[in-house]
Amino acid sequence: MSGSPFFLDEILFIVLPYLAFGIFLLVSIRRYIRETFTFSSLSSQFLENQQHFWGLVPFHYGIITILTGHVIGFLIPREILLWNSHPLRLYVLEIAAFIFGLLTMIGLISIIIRRATVPKIKMVTSWADWVLFGMFVVQILSGLYTAVFHSWGSSWYAAAAVPYLWSLLTLNPDIGAITAMPWMVKLHIVGAYLIIAFFPFTRLVHALVVPNPYLWRKPQVVRWYGIRKSPARPLH
Amino acid sequence: MNVRSQISMVFHLDKCIGCHTCSLACKNIWTDRRGTEYMWWNNVETKPGTGFPTQWEDQEKYRGGWKVVDGKLKLRSTDKRHTVTDIFHNPSQPTMDDYYEPWTYKYDELFNAPEGADQPTARPISMVTGEYINIESGPNWDDDLGGSPVYAENDPNFKGLSHEQRQQLFAIERLVFFYFPRICNHCLNPSCVASCPSGALYKRGEDGIVLIDQKRCRGWRSCIAACPYKKTFYNWSTGKSEKCVLCYPRLETGQAPACFHSCVGRIRYLGVLLYDADRLEEVAKLPDDQLVDGQRSLILNPNDPEVVAAALKNGIHESVVEHAQRSPVYQFVKEWKLALPPHIEFRTLPMLFYVPPMSPVMASKNDDTVESVSENFFHDIEEARVPLQFLANLFGAGHQAKVVYALKKQKAVRMYRRAVTVGDIDLKTAERLLTEAGSSVEEAEAIYRLTSLCTFDDRFVIPPMHREEAIEMIKDPHEHRASTGFGFVQSPERGL
């Protein structure tokens, strides 16, 4: 692929990631300031409660685990390689990752079936949701394929892909390792950039407003007029 | 003492005729938008009945409100741990089936139908999908005991009633029911506020109205599971939760909320109460039988100079204190002890109080003559058609004493007024009755006046809300007046 006349690799692995992150940041911030009202989980459990469980729960636990794995590999690649130096530990990590990937896929399939078949749910499904489902299907399938047919991804991700990601982050892009990768892996990387670029336009923004301060705040919330502070202690 | 003010309400159930005017006034103002069609911020239930959403009082099913665990207040199903683990799928979340699928009719079919032998009909269509639907239930499906064997029998308040007592309610010749209008209780210890992961729900410091910040709400729906009265609702179209706002834009301009204003039976009262916020937690943890007294002890006497001084020191406006002194709610709840909180065992300390309803007078039959008066004037309270335990489950956390007290006093006031106006009861007997009920002639006259002769101004003592003070802190009020308007800067529409 390298030496392509249209600089395809440069466009896909240097221009696209910067563009995607730029769109992600600017649009997310703009939407948060200008269209605050549209930040919502847009839950549809109220309209359908049975299939909801079998779709949403596996999908969320699956994708959160997989994403966390990618982030950990990005942050501490050496430790991952060290962990994988023992074959048994490598198998455990690979199999666990594959199971969570499968869980995500099963959840996504249930979600798609629910969105396509339940009349009430169809009413709250937008075109953007369908685009997103398509992107996720490609992304998860390419990930699962890579896990099965390009073995020990956790190791070569840490050894080859992570340095590339760091080179992007440090504004010194080096795509040497990426251009040599199989096309399915390239698809997975490009798919990720496209999802990041599309992210702020969709319902995915609910992930940006997960409610963490709740865990530390007092139970009761009282708001006073204007800038005046509560004259006395809060309720609890 | 940490004095705060709270707009509170009293609903006099003995006067409610179940006309649903309040519900419609509210619906027309607030919930006629897409996604809110199924919501009834104000609804009127027939008791016994299952209510709206169905069996909302059953916390085994919906797991809302607070419970005391090892001397600590805990949310029943929406504490922090559960909010984290249940965030993708909340098992105690009601669904549309627990309320009803809203519908309208295809009226154009009445006009467009081809000529034929049959009358054209307007078939019902779902307001969610637009498809034809078979209507299976609605928000008032069991109104006036409609379908009692299915609905009324499932009333959660039958807990602790014997089989005979239950049957007594349904025997045709003894059939009895009353109406139970409900809005948000604007609780002192709201479980909806405590459960909100986004911190979108809050209690207004100045008047205690509980609101949902539409910009902060992310649709996690903890409040819906947490509210034991099921008075927060999920707008499935915008992905935000909504609730009764006590018509605060009306209150701020000195008008009574729409449901209060339109009440045909004049059952509704609204006024300010001063309460001690420091003792909230302590009271919310009391054993069931002490909760009613505990909540009453939170409510402070607005005529006590010490309370007034503390209120002013806390920034409560003088005019609000003056209105608290004339509050009809204070009289019903604290002075006369006639009004009781609904299901206080949920421990949210609701600030909407109900005067329990009198059952129809039970006549006793001697041979062929019917006697309505016996030596024991209070006999029809203990042997009322609505079993006392049923009312106690609703208004006394299962304990009858407070309900009996309120009913006896109402009965004594009735007898006293009958002695005065009709004269077939001896005035001495009536006065004895008042004493037995813990009342006096003066109090009976006051209760009579506020119950039967009350004008608009007697029922609604709305304090000035002093929005101008709030605005002054941010900008010049004159500039604000010229620049502000109603509505959204950004339209409240669902995002992609």
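**View 1. Chain A meets chain B in this predicted model.** Here 52 residues of chain A are in contact with 46 residues of chain B. Three elements of chain A each give two or more residues to its side of this contact: α2 (50-75), α5 (119-122) and β1. Helix α2(A) provides the largest share, 5 residues. Sort the chain A side by residue type and you get 27 nonpolar, 17 polar and 8 charged.

**View 2. An open sheet includes strands from chains A and B.** It has 3 strands, in the order β1(A)-β8(B)-β9(B). Their pairing is mixed. At the edges lie β1 (222-223) of chain A and β9 (210-212) of chain B, and each pairs on one side only. Now look at the join between the chains. Strand β1(A) runs parallel to β8 (residues 201-204) of chain B, and 2 bridges connect them. A:Val222 stands opposite B:Lys203 in β8(B). A:Arg223 has B:Arg204 as its bridge partner in the β8(B) strand.

**View 3. Two strands of chain B make a hairpin.** The strands are β3 (residues 66-69) and β4 (residues 72-75), both of chain B. They run antiparallel, with 4 bridges between them. The hairpin leaves 2 residues between β3(B) and β4(B). In the turn, find B:Asp70, with a positive phi of about 50°.

**View 4. A helix packs on a sheet of 4 strands in chain B.** The sheet is open and its order is β13-β12-β1-β14. Pairing in this sheet is mixed. Its edge strands are β13 (299-300) and β14 (352-355) of chain B, each pairing on one side only. Strand β12 (residues 268-276) of chain B pairs with β13(B) in the antiparallel sense, over 2 bridges. There, B:Leu274 has B:Leu300 in β13(B) as its bridge partner. Helix α13 (residues 318-325) of chain B packs on the sheet. The helix touches β1 (3-12) and β12 of chain B. Its direction makes about 120° with that of β12(B). While viewing the strands, keep one rule in mind. In a regular strand, side chains alternate between the two faces of the sheet.

**View 5. Helices α1(A) and α9(A) cross.** Helix α1 covers residues 8-34 of chain A, and helix α9 covers residues 183-198 of chain A. Their axes come within 8 Å and cross at roughly 25°. Angles under 35 degrees count as roughly parallel, so α1(A) is roughly parallel to α9(A). The crossing is left-handed. From α1(A), the residues that meet α9(A) include A:Leu12, A:Phe13, A:Leu16 and A:Phe24. From α9(A), they include A:Ile189, A:Tyr193 and A:Ile196. What types of residue make up this contact? The contact of α1(A) with α9(A) has 14 nonpolar residues, no polar and no charged.

**View 6. Helix α2(A) packs with helix α4(A).** Helix α4 spans residues 87-117 of chain A. The two helices pack at an angle of about 145°, and their axes are 7 Å apart. They form a left-handed crossing. On α2(A), residues in the contact include A:Trp54, A:Gly55, A:Phe59, A:Gly62 and A:Ile66. Those on α4(A) include A:Phe100, A:Gly101, A:Thr104, A:Leu108 and A:Arg114. By type, the residues of this contact are 13 nonpolar, 9 polar and 1 charged.

Definitions and conventions
Residues numbered from 1 in each chain as written. Chains lettered and ligands numbered in written order. Predicted model: local features only at pLDDT ≥ 70, side-chain atom pairs only at ≥ 80, totals over all residues. Pairing = 2+ DSSP bridges. Contact = placed C-beta atoms within 7 Å. Nonpolar A, V, L, I, M, F, W, Y, C, P; charged D, E, K, R; others polar. Axes fitted to C-alpha atoms, helices over the stretch in contact; angles between N-to-C directions. Parallel < 35°, antiparallel > 145°, perpendicular 65-115°, else oblique. Left-handed = near helix turned anticlockwise from the far one by under 90°.
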